[in-house]
Amino acid sequence: MSNCQSCPVRGRAICASLDGDELAAFSRMARHQRVPAGHTLIWEGEDVPLIANVIGGVLKLVVAAADGREQIVGLVFPSDFIGRPFGKESPYRVTALTDAEVCIYNRNSFDAFAAAHPHLQHKLLRRTLDELDRARYWMLLLGRKSASQKVASFLLEMSDRLARLDRKEAGFELPFGRQQIADILGLTIETTSRQLTRLRADGIVDLPSRRAVVIHDRDAMERMAG
């Protein structure tokens, strides 16, 4: 059995469209790499020679603002895709929020393989469009929503992504603390903490620990998210 066939995200990653022979060839191109929390895999503005599937853990996409501060512009979860096929420079830095594991491909080899397998290109296009939709939603979240709407929307998004990975119905463990949540949402840590406390006081969520979240009333959360 190839590494690809035994991969835990095989059914959800871009390689899901490949048949047995194609998967075997794709597997021979790959190498696995563990990325410790805090380690940067890709630097903003650099010529990136790699493409990667995320197998485990969570990574953040970061850009440097004009004033020198860093802004988290996205999060990458297992089965998500990192890199720029048919491109070069990365518009953001990719850094592990938690210990992570990725499956890495040389970009030129990946580009050649994708060019010879149109169904992989189709899967890649669909994934790119999904990322574009997510980026548009992120712009709405940061630009138009109130603090309470931002926090509620963020927790719903994390529930959709993380509860599935944790195999829990309503609870999940955030891979970051409140300061990072505040940075992601463009809020202060005080405002973020107040909103979380309010959600708990209203019985909408429980916060068993600093990073654990259990959603008790998803309908109320969705109404709050707007």
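**Entry 1: a strand pair**

I began with strand β4 (residues 59–64), which pairs with β5 in the antiparallel sense over six bridges. For my own reference, helices (H or I, at least four residues) and strands (E, at least two) are DSSP runs numbered from the N terminus, and two strands pair if DSSP finds at least two bridges between them. I looked up Leu59 and found that its bridge partner in β5 is Val76.

A note on what I am reading: this is a predicted model, where local features need pLDDT of at least 70, side-chain atom pairs count only at pLDDT 80 or more, and totals for chains, interfaces and linings use all residues. Residues are numbered from 1 along each chain as its sequence is written, and side-chain values use heavy atoms, with hydrogens and water left out.

**Entry 2: the sheet around it**

Which order do the strands of the open sheet have? I read β2-β7-β4-β5, four strands with antiparallel pairing. The edge strands are β2 (40–42) and β5 (70–76), each pairing on one side only. On average, neighbouring strands of this sheet are turned by 35° against each other, direction ignored.

Then I followed helix α5 (residues 178–185), which lies across β4 and β5 and runs at about 100° to β5. Axes here are lines fitted to C-alpha atoms, for helices over the stretch in contact, and angles run from 0 to 180 degrees between N-to-C directions. Contact means heavy atoms within 4.5 Å.

**Entry 3: rings**

I searched the whole structure for aromatic pairs and found six. Phe26 and Tyr105 make a stacked one, with 4.4 Å centre to centre and 25° between the planes. Because Phe26 lies in helix α1 (residues 20–28) and Tyr105 in strand β8 (residues 100–106), this pair ties together parts that are 79 residues apart in sequence. The rule I used: rings of Phe, Tyr and Trp (its six-membered ring) pair if their centres lie within 6.5 Å; planes under 30 degrees apart count as stacked, over 60 as edge-to-face and the rest as tilted.

Are these two residues buried or exposed? Phe26 is buried, with a relative accessible area of 0%, and Tyr105 is buried too, at 2%. Buried means under 20% relative accessible area, exposed over 50%, and partly exposed in between (1.4 Å probe, protein chains only).

Phe26 also forms a tilted pair with Phe113, at 5.1 Å centre to centre and 40° between the planes. That pair links distant parts of the chain, with Phe26 in helix α1 and Phe113 in helix α2 (residues 107–116), 87 residues apart. Phe113 counts as buried because its relative accessibility is 10%. Stepping back, I see ring pairs linking Phe26, Phe81, Tyr105, Phe110 and Phe113 into a cluster.

**Entry 4: cysteines**

How many disulfides does a search of the whole structure find? I found zero, taking a disulfide as a pair of cysteine sulfur atoms within 2.5 Å. Cys15 is buried at 5% relative accessibility, and Cys103 is buried at 6%.

**Entry 5: two helix residues**

I found Thr191 in helix α6 (residues 189–201). Its relative accessibility is 17%, so Thr191 counts as buried. A polar contact of 3.0 Å joins the side chains of Thr191 and Thr188. (A polar contact is a pair of N or O atoms within 3.5 Å; within protein, one must be able to donate a hydrogen and the other to accept it, and residues adjacent in sequence count only if both atoms are side-chain atoms.)

Last, I checked Met224 in helix α7 (residues 218–225), which is buried with a relative accessible area of 16%. Not counting residues up to four places away in sequence, Met224 touches Ser148, Gln149, Ala152, Arg198, Leu199 and Ile204. The C-alpha atoms of Met224 and Ser146 are separated by 9.9 Å, though these residues are 78 apart along the chain.
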